[in-house]
Amino acid sequence: MLLRVVHRTGYEYAGTASHSFNEARMTPRHTLHQHVLHTKVDIVPAAWTNTYTDYWGTTVTQFEVHEPHPRLMVTASSTVDVQRPVVTGQGLGWDVLRSAEIFDDLSEYLLQSPSVEPPEDLRERVAEVAGRSATPSECARAVVDLVHEEMNYVSGATGVHTRASEAWATRSGVCQDMSNLTIGCLRSVGIPSCYVSGYLLPAREPEVGTTYTGESHAWIRWWDGEWVGMDPTNAIQPGSRHIEVGRGREYGDVPPLRGIYTGTRSSAMFVEVELTPLR
């Protein structure tokens, strides 16, 4: 599917910011199954910029504004051709996945952090699921189903600093929370897992040329001899409607926009995402 993506985000300041220093991760990845035909990042007010690829392979636009500004807006526009196939994995056994070789290669995707670590009651349930699963991949799919079935998607229920355990306590959150929680559950039984950020075209059968209002989205991948993706929010495997931007251990590695500013005491963030199928 060929898609046009326009992502606008930024800050409305309570007063006037005199300086701001920021990083934007809003450029889609160019991969074997996702070809970026065009991409551009515009910043208002005009800023000094530097672009680099971070440790996880995500494109980062680093920028600084050194003039008074009551509002900061970043607009990332891209044209992306997505032809993502179904990936089933290689059916690795538990003994292979828990080997020293796998730990050495993928240790960063096995370590827990306060952001993703599940609470004890959920850890026990996941351990039971693992105990009756013939393979790690079977366990991973069951955990995705568990999170999808018991968590409610509630926009605004959580914030970017909400921990997975806090979202589980209320059984509510957004895609970020469900992905972080699923990752923590999988790591608790030794399954390497990765956080993916991007966008999701909301229409299952979209019309060419129609612009749809979307939002930033997140899903996960686990290792089964190859990376197998799954979207816990929708209980589907990422396909042609999913546009990948960043990868990391958890949300904290791939926020679309973050930074610091001086000159005023508070700010409010705004986000707009538009997706248009071109063919």
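Predicted model: local features only at pLDDT ≥ 70, side-chain atom pairs only at ≥ 80, totals over all residues.
User: Which element gives the most residues to the lining of the largest pocket?

Analyst: The largest pocket has a volume of about 750 Å³, and 32 residues line it, with Val160, Gln176, Ser216, Tyr251 and Pro256 lying nearest its centre. Several elements supply at least two residues each to this lining, including β1 (2-17), α6 (175-188) and β9 (193-200). The element that gives the most, with four residues, is β9.

User: How many charged residues are in the lining of the second largest pocket?

Analyst: About 330 Å³ of space lies in the second largest pocket, and of the 16 residues that line it, those closest to its centre are His33, Arg84, Arg221, Trp227 and Arg247. Two or more residues of this lining come from each of β11, β12 (227-230) and β13 (242-248). Divided by class, the lining has six nonpolar and five polar residues, and the number of charged residues is five.

User: What span should α6 have, and how far apart are its end C-alpha atoms?

Analyst: The expected span of a helix is 1.5 Å times one less than its number of residues, and α6 has 14 residues, so it should span 20 Å. The helix is mostly covered, since 13 of its 14 residues are buried, and just after it Gly190 takes a positive phi of about 85 degrees.

User: Which residues does Trp222 contact, leaving aside its neighbours within four places in sequence?

Analyst: Trp222 belongs to the largest nonpolar core, which has 42 residues, and together with Cys139, Leu181 and Ile191 it touches the most other members. Another core, of 25 residues, lies apart from this one and has Leu3, Tyr11, Met26 and Leu257 among its residues. With those sequence neighbours left aside, Trp222 is in contact with Ser137, Ala140, Arg141, Val144, Leu186, Ile191, Pro192, Ser193, Trp227, Val228 and Met230.

User: Is Gln83 buried, partly exposed or exposed?

Analyst: Gln83 is found in the loop between β6 (69-82) and α1 (94-97), where, leaving aside its neighbours within four places in sequence, it is in contact with Met1 and His33. A residue counts as buried under 20% relative accessible area and as exposed over 50%. Because the relative accessible area of Gln83 is 49%, this residue is partly exposed.

Technical notes:
Residues numbered from 1 in each chain as written. Heavy atoms only, no water. 1 Å grid on protein atoms, 1.4 Å probe; cavity = no way out; pocket = protein on both sides within 12 Å on 5 of 7 lines; lining within 4 Å. Points joined across faces, edges and corners; volume = space filled by probe spheres on them. Nonpolar A, V, L, I, M, F, W, Y, C, P; charged D, E, K, R; others polar. Buried < 20%, exposed > 50% of the residue type's maximum accessible area, 1.4 Å probe, protein only. Core = buried A, V, L, I, M, F, W, Y, C linked by side-chain atoms within 4.5 Å. Contact = heavy atoms within 4.5 Å.
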